[in-house]
Amino acid sequence: MNIAERVQASIRAVNAADRDAVEAGPFTLYRNRVSDHPYLNYAVPNDGAVEWDGIDALRAAFAAHGLAPRLEFVAECAPGLEEALAAAGFELQGRYPVMTLPASALREVPAPEGVVIARVPGGVDVRPLLQTAAEAFGSDAPTDAEVAAYHGRGVLARAGGEPAGSAFRSAVAEGVSELGGIGVRERFRLRGIAAALTAAAAADALAAGAELCFLTPGDDGAERVYARAGFARAGTTVVHMVG
């Protein structure tokens with residue numbers, strides 16, 4: 001498989017393991033079991049699908065679960081899908097470059113002075129990690145259900161003992177792990193913490209057996225941060241669309 005196919009296959013596999021799958025024509029809606037947040041509930045085109053005549057069925061599946069229709073897919077693996085969704089009234093939410101990191105490309109990024117970065121396993125108090133992530137991204141505080149569902153794949157940066165930033169990785173699927181949720185609380189930004197978190201999360205994924213890590217930067221600034229850890233553009237794109 002090429003990079004695009006590996007990324008799309010890993011997205012399907014991780015979602016299938018962690019979420020409830022709802023089949024809808026040539027799509028599968030992956031429904032989060034503890035949250036209705038749009039970014040945690042989305043559909044992915046099925047492997048091998050090339051016809052997109054099931055969009056109405058997809059909308060109905062989202063509606064049946066009280067969710068807003070949303071898709072994430074690798075553009076190169078779903079030719080014509082973006083155009084078909086647009087014709088059906090979906091809007092482009094974002095088109096993001098994929099950055100990848102094979103094990104050989106990982107660069108060490110030391111934590112800034114006074115900052116300690118550590119993995120947060122399951123079975124411990126994970127609220128500081130999840131609350132830090134929520135504050136960094138302007139989200140609501142984590143619920144008890146979200147705390148209970150924590151998967152043990154996050155890393156937390158502390159500056160002077162105070163939670164400062166967070167990062168997460170997916171389970172390894174198809175030899176691939178996705179990094180996400182890399183964020184730093186506002187008063188701790190511009191110190192190099194995000195790059196150090198990126199490197200730490202990637203190192204954790206590689207230690208867990210990943211052959212390749214990937215992420216999708218939201219802007220040029222994030223791309224420069226991730227590049228410090230060794231990530232580079234892979235020439236493929238992830239598309240987010242909402243309906």
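**Learning to read a predicted fold**

Modeller: Let's open with Arg6, which counts as buried because its relative accessible area is 18%, and the cut-off for buried is under 20%. Do keep in mind that this is a predicted model.

Colleague: Where does Arg6 lie, and which residues does Arg6 touch?

Modeller: Arg6 is part of helix α1, residues 3–18. Setting aside residues up to four places away in sequence, Arg6 touches Met1, Glu174, Gly175, Val176, Glu211 and Leu212.

Colleague: Let me try another one. Is Glu82 buried or exposed?

Modeller: Glu82 has 18% relative accessibility, so it counts as buried. Glu82 is found in helix α3, which spans residues 81–87. Not counting residues up to four places away in sequence, Glu82 touches Phe73, Leu92, Arg95, Val239 and Met241.

Colleague: Is β2 mostly covered or mostly open? And what should I look for in the hairpin of β1 and β2?

Modeller: Strand β2, residues 27–31, is mostly covered, with four of its five residues buried. In the hairpin, two residues sit between the strands, and Gly25 takes a positive phi near 60°.

Colleague: Which residues of helix α4 are buried, and what covers them?

Modeller: As a rule, an α-helix has 3.6 residues a turn, so residues three or four places apart point the same way. For α4, residues 127–137, the buried residues are Pro128, Leu129, Leu130, Thr132, Ala133, Ala134 and Ala136. Their cover includes β6 (115–120), α5 (144–148), β7 (154–159), β8 (162–169) and β9 (176–184). After α4 comes Gly138, with a positive phi near 70°.

Colleague: Let's turn to the largest nonpolar core. Which residues touch the most other members?

Modeller: Generally, nonpolar side chains in soluble globular proteins tend to be buried together. The largest nonpolar core here has 30 residues, and Leu179, Ile193, Cys213 and Phe231 touch the most other members. Elements giving two or more residues to this core are β5 (91–102), β7, β8, β9, α6 (193–207), β10 (212–215) and α7 (220–228). The largest share, ten residues, comes from α6.

Colleague: One last feature. At what angle do α6 and α7 pack, and which residues make the contact?

Modeller: The two helices pack at an angle of about 55°, with their axes 8 Å apart. The helices α6 and α7 are therefore oblique to each other, and their crossing is right-handed. The contact is made by Ala194, Ala195 and Thr198 of α6 together with Val225, Tyr226 and Arg228 of α7.

Definitions and conventions
Residues numbered from 1 in each chain as written. Predicted model: local features only at pLDDT ≥ 70, side-chain atom pairs only at ≥ 80, totals over all residues. Heavy atoms only, no water. Buried < 20%, exposed > 50% of the residue type's maximum accessible area, 1.4 Å probe, protein only. Pairing = 2+ DSSP bridges. Contact = heavy atoms within 4.5 Å. Core = buried A, V, L, I, M, F, W, Y, C linked by side-chain atoms within 4.5 Å. Axes fitted to C-alpha atoms, helices over the stretch in contact; angles between N-to-C directions. Parallel < 35°, antiparallel > 145°, perpendicular 65-115°, else oblique. Left-handed = near helix turned anticlockwise from the far one by under 90°.
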